[in-house]
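Morning, everyone. Please have the sequence and the structure up on your screens. I'll start with the aromatic rings and then move to the strands.

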Amino acid sequence: MDKIIISPSKYVQGENAIAAIAGYVKPYGQNPMVIADDFVTGLVGETTAHSFIEANMQFSMELFGGECSRQEIDRLQVKIDDDHNDVIIGIGGGKTLDTAKAIGFYKKIPVVVVPTIASTDAPTSALAVLYTPTGQFDQYLMIPTMVIMDTTIIAKAPVRLLVAGMGDALSTYFEARANAASGKPTMAGGAPTLSAQALAKLCYETLLADGLKAKIAVENNLPSKAVMNIIEANTYLSGIGFESSGLAAAHAIHNGLTQLEEAHHLFHGEKVAFGTLVQLALENAPLEEINTVLNFCHQVGLPTNLFDLGVKEIDLNKLMDVAIASCAEGETIHNMPFTVTPEAVVSAILTAHTLGLKK
């Protein structure tokens with residue numbers, strides 16, 4: 001199996017980077033279509049438009065409806081002028097960015113993503129996650145992108161979003177480790193490289209070193225070195241780390257948890273954090289390691305048990321539905337270095353839940 005590392009064609013991270021967006025986009029296309037939701041349009045629409053006007057570039061802006069679904073993708077594709085629009089830009093959260101990636105995939109045009117939050121590693125991933133209109137996992141698509149991270153905007157977002165990004169990034173090292181042990185192909189379609197595995201480990205180490213400090217700074221609306229490090233960990237280190245080192249149980253558990261209606265209010269990374277604990281229980285990781293992860297989750301405020309996810313009563317039938325969805329054919333849980341059954345997943349969920357109740 002060939003070793004493969006995949007990454008954005010360009011990654012830009014800096015203060016007020018969006019003010020220079022036209023210069024970054026111009027090599028990719030002269031007539032971009034920009035998608036953003038209503039809130040983000042109000043936040044950065046004027047700055048974005050000014051940059052393109054100053055660069056004498058034609059552009060169009062469309063409102064994103066809120067869910068990265070086939071229906072929304074189809075609706076926005078109709079807005080594209082095939083004779084003129086030659087690049088798609090998504091500005092906002094993960095679902096906006098993934099919608100832009102999907103449009104680029106179907107229209108075969110370059111994609112530029114501009115996150116306004118650091119809640120997942122979606123920005124640096126070629127992966128787009130599609131959901132049904134009701135929020136259940138649908139499928140993956142893959143297309144490479146350019147990423148512009150405006151840290152001024154991201155650091156001002158609600159602290160819960162930054163913490164959710166830490167939850168998503170938390171799984172990177174453990175899924176990479178499991179995937180390497182199993183020898184299964186990564187999301188990039190090959191074997192992991194040493195550099196990708198090193199980035200996955202650095203991601204975990206950065207979270208432990210700077211996660212709590214970054215949370216405190218953002219809670220007080222203040223910048224810090226820790227905040228900049230965590231933005232990089234949540235996006236670049238996690239994005240390259242997972243995509244070129246592999247996914248395993250944690251993200252499959254996340255996909256399974258979308259079966260629980262009571263958990264739909266949670267952010268992606270919050271569910272992935274619990275999925276990481278489930279993966280550690282599933283592989284019977286040392287209790288010392290599990291406690292390190294639990295302590296980190298408690299420090300920054302990530303869910304560690306089913307009650308934190310919104311579950312009111314433990315229902316084994318519902319947990320089996322989660323487990324069956326997690327073990328569906330083609331799910332990344334089969335990248336674990338041993339055979340995984342729905343029964344084993346239910347057991348691991350209950351183990352993680354019980355350990356996570358103790359603070």
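The count of aromatic pairs here comes to six. Keep in mind that this is a predicted model. Take Phe 105 and Tyr 106, an edge-to-face pair. Their centres are 5.2 Å apart, with 85 degrees between the planes. Buried or exposed? Phe 105 has 34% relative accessibility, so it counts as partly exposed. Tyr 106 has 32%, so it is partly exposed as well.

Next pair: Phe 174 and Tyr 204, also edge-to-face. Here it is 5.0 Å centre to centre and 70 degrees between the planes. Phe 174 sits in helix H6 and Tyr 204 in helix H7, so this pair ties together parts 30 residues apart in sequence. Phe 174 is at 0% relative accessibility, so it is buried. Tyr 204 is at 11%, and buried too.

One more ring. The charged end of Lys 95 sits over Tyr 131, 4.9 Å from the ring centre.

Now strand S4, residues 87-92. Six of its six residues are buried, so the rest of the structure largely encloses S4. Val 87, Ile 89 and Ile 91 point one way. Ile 88, Gly 90 and Gly 92 point the other way.

What does S4 pair with? Strand S2 runs parallel to S4, joined by four bridges. Pro 32 stands opposite Val 87 there. Strand S5 pairs with S4 in the parallel sense too, over five bridges. In S5, Pro 115 is the bridge partner of Gly 92.

Methods
Residues are numbered from 1 along each chain as its sequence is written. This is a predicted model: local features need pLDDT of at least 70, side-chain atom pairs count only at pLDDT 80 or more; totals for chains, interfaces and linings use all residues. Side-chain values use heavy atoms; hydrogens and water are left out. Buried means under 20% relative accessible area, exposed over 50%, partly exposed in between (1.4 Å probe, protein chains only). Helices (H or I, at least four residues) and strands (E, at least two) are DSSP runs, numbered from the N terminus. Two strands pair if DSSP finds at least two bridges between them. Rings of Phe, Tyr and Trp (its six-membered ring) pair if their centres lie within 6.5 Å; planes under 30 degrees apart count as stacked, over 60 as edge-to-face and the rest as tilted. A charge sits over a ring if NZ of Lys or CZ of Arg is within 6 Å of the ring centre and within 35 degrees of the ring normal.
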